[in-house]
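Please keep the model open beside the text and look up each element as it is named.

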Amino acid sequence: MSEHVLNARRLLCPLPVIRTQDKVKTLVTGDVLTVECTDPGVMQDIPAWCRINGHRVLETRADGGEYVIVLEVG
Amino acid sequence: MSQQRKAVALISGGLDSMLATQAILEQGIHVEGINFFTGFCVEGHTHAIRKQDADKVKRNNSLWVAEQLGIKLHIIDVIEEYKNVLLNPKHGYGANLNPCLDCKIFMVNKAKQWMVENGFDFIITGEVVGQRPMSQRKQTMPIVAAQSGADDLLVRPLSAQNLPATLPEREGWISREKMFGFSGRSRKPQMTLAKEYGFTDYAQPAGGCCFLTDEAYSLKLVDLWKARGERDYDLDDVMLLKVGRHIRPKPHFKVIIAREDGEARFMSGYKKEFMSMNCASHRGPLALIDGTPSEDDLLQAAQITARYGQGREAEQVEVTIRDREGNERNVFVKPLLADDIPQEWFV
């Protein structure tokens, strides 16, 4: 298991989802990915993408205009 | 034991592709969805940018549909490849800059590539004969199948009974009788089927989902090409045409003025790519300057910017002009009156 960070700031949905999807393709089951965004839409879209593709959302947080989603690759 | 057949469905986020996919899922086929992001999709971006849309649910409809159907969804970035579709549409444009037929051919072709690469057997779309004036006519549906290279691997479950049998039907992978014979612009059959499937919540029918069908947006894109002397664009251009008031006093420069805080916040991310300005002495909007303005032009842009701030009635206001490196200087200008801005300046 390894930890990774993806900078998806300034991108608007669905681009943060696309970047997350492309990054996850390079990872293996159990890896943890932290996605850092500025579009509030990711709080809906990335968890939805995780649910339908079998990944687990470990944490979501909003902090001063930044939205962070931590997921575990399934 | 028979082989598990697999289909890839083009999921737009609207009702038709949702129903078409469900019709094939009900026949025991493994289905995964695919959605293409061209940059011109209406949902998502604008809701995220504009404060007035803050109350709207910010869900991505294609993801939402996939979740309702219980299928995987693959969202593919086709921004670069899509340029050729928009700039050189073999079948021309619709009422505005919407190259609907070429767009459908392109997307089905991309789905065919994905199908081959991922070992899937056929493609599903939510197309209905006669539903759309350009891409979904009886005459154009065979063109989509042929020119995309999908041929008889392209299944349109909602109109299948009106169309020649496809290979999945002939091979017995799916039953023609369990598909439909919808045609025309009426939405009633789809509404009835949605009810049968238990779908009570779905996005509005597609068509208004692409900025290229919008006249005002298309005119802004044409203006951008004319001003630059070439028909080209990048994602930032596509995004900025969706926000702000666009005012072009002269062919070689344009002022983009934020209409509200959400747009100003979004546009402030472009301060390194454009000159920018805002009123320093009064509350007012952020403006980006696109093009190659002279010093006099910048003063005129400052007068326009001041027009949209709280100092619009003042004799003189102070405006901060910022270059791409972030160097600032202040100028004093008299705001233009509403009548000083001719209608033809508004793009």
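Predicted model: local features only at pLDDT ≥ 70, side-chain atom pairs only at ≥ 80, totals over all residues.

1. Residues are numbered from 1 along each chain as its sequence is written, and chains are lettered from A and ligands numbered from 1 in the order in which they are written.

2. Chain B has 12 helices and 11 strands, where helices (H or I, at least four residues) and strands (E, at least two) are DSSP runs numbered from the N terminus. Its C-alpha atoms fill a box of roughly 80 × 40 × 35 Å along the principal axes. The domain assignment, which is of an automatic or database kind, gives domain 1 (6-211) and domain 2 (243-345) of chain B, and the centres of these two domains, taken over C-alpha atoms, are 42 Å apart.

3. Of the 347 residues in chain B, 45% are buried; a residue is buried if 20 or more other C-beta atoms lie within 10 Å of its own, exposed if 12 or fewer, and partly exposed in between, with C-beta atoms placed from the backbone. Among the contacts in chain B with a separation of 6 or more, 65% are between residues 24 or more positions apart, a contact being two residues whose C-beta atoms, placed from the backbone, lie within 7 Å.

4. One residue to look at is B:Leu235, which is found in helix α10 (residues 235-240) of chain B. B:Leu235 counts as partly exposed because it has 14 C-beta neighbours inside 10 Å. Leaving aside residues up to four places away in sequence, B:Leu235 touches B:Gly39 and B:Ile79; B:Leu235 and B:Gly39 are 196 residues apart in sequence, yet their C-alpha atoms are 6.6 Å apart in space.

5. Where the chains meet, 16 residues of chain B are in contact with 17 residues of chain A. On the chain B side, the elements that give two or more residues are α2 (45-49), α3 (61-69) and β3 (73-77), and α3(B) gives the most, with 4 residues.

6. Strand β2 (residues 32-37) of chain A runs antiparallel to β4(A) and is joined to it by 6 bridges; two strands pair if DSSP finds at least two bridges between them. Strand β3 (residues 56-63) of chain A also pairs with β4(A) in the antiparallel sense, over 7 bridges, and A:Thr60 has A:Ile69 as its bridge partner in β4(A). β3(A) and β4(A) form a hairpin with 2 residues between them, and A:Gly64 in the turn has a positive phi of about 55°.

7. Chain B contains an open sheet of 6 strands in the order β6-β7-β9-β8-β10-β11, with antiparallel pairing. Because β6 (245-250) and β11 (328-333) of chain B stand at the edges with a single partner strand each, one side of each is left without a neighbour in the sheet. Within chain B, strand β8 (residues 275-279) is joined to strand β9 (residues 287-291) by 3 bridges in the antiparallel sense, and B:Met275 has B:Ile289 as its bridge partner in β9(B).
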